[in-house]
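Subject: Structure handover

Hi there,

Here is the structure I promised to pass along. Please open it next to this email, and then read on for what turned up in it.

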Amino acid sequence: MRIVIQRVTEASVTVNEQITGAIGTGLLVLMGIEDADREEDIQWLSNKIVNLRIFNDENGVMNLGIKEVNGDVLLVSQFTLHASTKKGNRPSYIKASKPETAIPMYEKMIKQLETDLGKKIQTGIFGADMKVRLLNDGPVTIVIDSRNKE
């Protein structure tokens, strides 16, 4: 499982000109799922997301987690995070899970994040043509891959 976390002052997802999810201060999390992913990956990544200390404290040092700033999470599925660009100029998405595998994993991540965060999160719509707007704060952007636990 691969995620891109962006610290934002605001973010939203629109599908067919309707906002499906929106947050103020918090984290926009783009999530790509591959067939090798398991529930342990969901638990590990959710814990990372909720406990990542990337919000500024009173001294301007990134020392606070999302709970400490009462922030929100907007989770968006994005299969293109598993793009392979080894050959040619057209990316291959062969490593990205098909919807029948990815949708249940995406739904489990939603539940896990809500449990770990202690409140409802916002989401896009799996597989839809989504328009994502964000105001990256910092900018702070972090990539985490559950296959490469550093």
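Which residues in helix 1 meet which residues in helix 2? From helix 1, the residues are E39, I42, Q43, L45, S46, N47, I49 and V50, and from helix 2 they are M105, K108, M109, Q112, L113, D116 and L117. Those contact residues divide into eight nonpolar, four polar and three charged. Contact here means heavy atoms within 4.5 Å. For the classes, Ala, Val, Leu, Ile, Met, Phe, Trp, Tyr, Cys and Pro count as nonpolar, Asp, Glu, Lys and Arg as charged, and the others, Gly among them, as polar.

Before going further, a word on the source. This is a predicted model, in which local features need pLDDT of at least 70 and side-chain atom pairs count only at pLDDT 80 or more, while totals for chains, interfaces and linings use all residues. Residues are numbered from 1 along each chain as its sequence is written, and side-chain values use heavy atoms, with hydrogens and water left out.

Back to the helices. Helix 1 covers residues 39-51 and helix 2 covers residues 99-117; they pack at an angle of about 40 degrees, with their axes 9 Å apart. The axes are lines fitted to C-alpha atoms over the stretch in contact, and angles run from 0 to 180 degrees between N-to-C directions. Helix 1 and helix 2 are therefore oblique to each other; angles under 35 degrees count as roughly parallel, over 145 as roughly antiparallel, 65 to 115 as roughly perpendicular and the rest as oblique. Their crossing is right-handed, a term used if the near helix is turned clockwise from the far one by less than a right angle. Helices (H or I, at least four residues) and strands (E, at least two) are DSSP runs, numbered from the N terminus.

Now for strand 1. Eleven of its 14 residues are buried, so strand 1 is largely enclosed by the rest of the structure. Buried means under 20% relative accessible area, exposed over 50% and partly exposed in between, with a 1.4 Å probe and protein chains only.

Strand 1 has several partners, where two strands pair if DSSP finds at least two bridges between them:

- Strand 3 (residues 26-32) pairs with strand 1 in the antiparallel sense over seven bridges, and I5 stands opposite V29.
- Strand 8 (residues 131-145) is antiparallel to strand 1 over eleven bridges, with V8 opposite N136.
- Strand 2 (residues 18-23) also runs antiparallel to strand 1, over five bridges, and V15 stands opposite Q18.

Q6 is buried, at a relative accessible area of 12%. Leaving out residues up to four places away in sequence, Q6 touches G26, L27, L28, L30, L134, N136, V140 and T141.

Finally, some backbone details. N16 lies in the loop between strand 1 and strand 2, a hairpin with two residues between the strands. N16 has a positive phi of about 50 degrees although it is not a glycine, and it is exposed, with a relative accessible area of 69%. N70, which is not a glycine either, has a positive phi of about 55 degrees. N70 sits in the loop between strand 5 (62-64) and strand 6 (72-77) and counts as exposed at 60% relative accessibility. In strand 8, where P139 lies, the peptide bond from G138 to P139 is cis, with omega near 0 degrees.

Best wishes
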